[in-house]
Amino acid sequence: MHVLQDGVNFLLSLGAAIFVPIIIIIAGLLVRMKIKDAISAGITLGVAFSGMTMLINYMTSAITPAAQAMSKTVGVSLPITDGGWTTMSTISWSWPYAFLMFPIVIGINVVLILLKWTETFNADLWNVWGKIFTAVAVYYITDSVWLAFIFAAVQTVFELKAADYHQYRVETMSGIPGVTITHRMIFLAAPMYPIDWLLRKIPGLNRSFDAADLRDKVGIFAENHILGFILGIIFGLLARFGVAETLTLGIQAATALTLFPVISKYFMQALEPISNAISEYMQKRFSDRQLFVGLDWPFLGGANEIWLAVIWTIPVTLLFSFFLPGNEILPFAGIINVCIAVAAYFASKGNIIRMLIQCTIFAPVFLWVGTAFAPFMTQLANSTHAVDLEKGQMISNSSIDAPIFTYALSHLAQIVDGNFMPLIIFVIWLVCFVLYSRELITERNAARAAQAADVEA
């Protein structure tokens, strides 16, 4: 058992840029890709992951000082430290039962594929820590390892079904065939759906308005490098930086927004041959089946709409953190909140205006949930010494993935103590999920029917 745990921990210590390509290479070989093609695709994917991580870290290091300066200007003191997703991942993996999540997640995926209950092959096993994160919260609420894994298994099933339903929209919006997203961050798109449905009823918000449309309207000012520079300058002014610091921040933001689409091209270069190989393999053995590759979000990094929403959400979240009742976390390490932007991107079909409205509405949820999870994550960090905390210090994350789903599911067991709020929230989320999924399914079926009609014609 210890040997298995040590082996899992070693693979995870390599990071997503190595772990995920290994999974992709193995998958490629299993579907009869040439060895050189599988290795090339895997390494290219590793390059893409590394490039995206470098850019996000670069952007975070540039924005964080401005955020800190703004908080000092306001003079607000909040007690919970924002450790970001990396710290949450480290703490989650320190749970003694964490390594058992791998066979559970893989087993569920295989069984659902064999039963034809999913069309998604989840290659994003590095993010299994998201299921562990939920399990940890359940364990500290119920003191039951069994319940912890049962709730994590439920989350795994929802992730696969959400990936199935999103596949057509993901492929259409990303331009990468045969892929979908298995990250739980897309769960937030479900409660965003009813709001987006209402926003579509408003004249002017019911038509396409993506980054390309924005460029048509404002010309050069919507180009990535110009827009990034302008946004960086605005941040510098809000932080009361000097001239040199403000101009530097402008160039740094311009650099990040210019290079994100460049890096995203490598995801397409790596994933297309893998996707084609899996499709050919399944077609030979199961003429009625098509499997899609489930991945983490970075292959969507070329969508300028996502980065505009991310940058918009930074000052919005900061302002909420200063004045929001019930919030005790100051967003720093999680200040680059991709989770809210990706969910808004799919719920709003890339309409920038509706995305910004959604991000503004849901930003407080991340702060409330980050505050709610602080006791569990702090207790685990102290008991395992995964993170060194000072006496009395609390830690959490201001951008927990799928905050509504994660909070509701992990706290469901509190109904035995008379707290029915998590159950109510979960039921509301589930209703939204069903309604949103129906739209995704209708959209997919209409496209398939149109393709079939074209073929017949």
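Visitor: How many of the residues of H12 are buried?
Guide: 15 of its 20 residues are buried, so H12 is mostly covered; buried means under 20% relative accessible area with a 1.4 Å probe, protein chains only. Helices here are DSSP runs of H or I, at least four residues, numbered from the N terminus.

Visitor: What should I know about the model itself?
Guide: This is a predicted model, where local features need pLDDT of at least 70 and side-chain atom pairs count only at pLDDT 80 or more, while totals for chains, interfaces and linings use all residues. Residues are numbered from 1 along each chain as its sequence is written, and side-chain values use heavy atoms, without hydrogens and water.

Visitor: Where is the kink in H12?
Guide: At threonine 313, shortly before proline 315, and about 25°. The bend is the angle between axes fitted to the seven residues ending at a residue and the seven starting there.

Visitor: Now the rings. How many aromatic pairs?
Guide: The structure holds 23; ring centres of Phe, Tyr or Trp (its six-membered ring) must lie within 6.5 Å, with planes under 30 degrees apart stacked, over 60 edge-to-face and the rest tilted. Among them, phenylalanine 322 and phenylalanine 323 are edge-to-face, 6.1 Å centre to centre with 85° between the planes.

Visitor: Are those two buried or exposed?
Guide: Phenylalanine 322 is buried at 11% relative accessibility, whereas phenylalanine 323 is exposed at 61%; exposed means over 50%.

Visitor: Which residues form the aromatic cluster?
Guide: Phe158, Tyr165, Phe187, Phe405, Phe426, Trp429 and Phe433 form one.

Definitions and conventions. Helix = DSSP H or I, 4+ residues; strand = E, 2+ residues; numbered from the N terminus.
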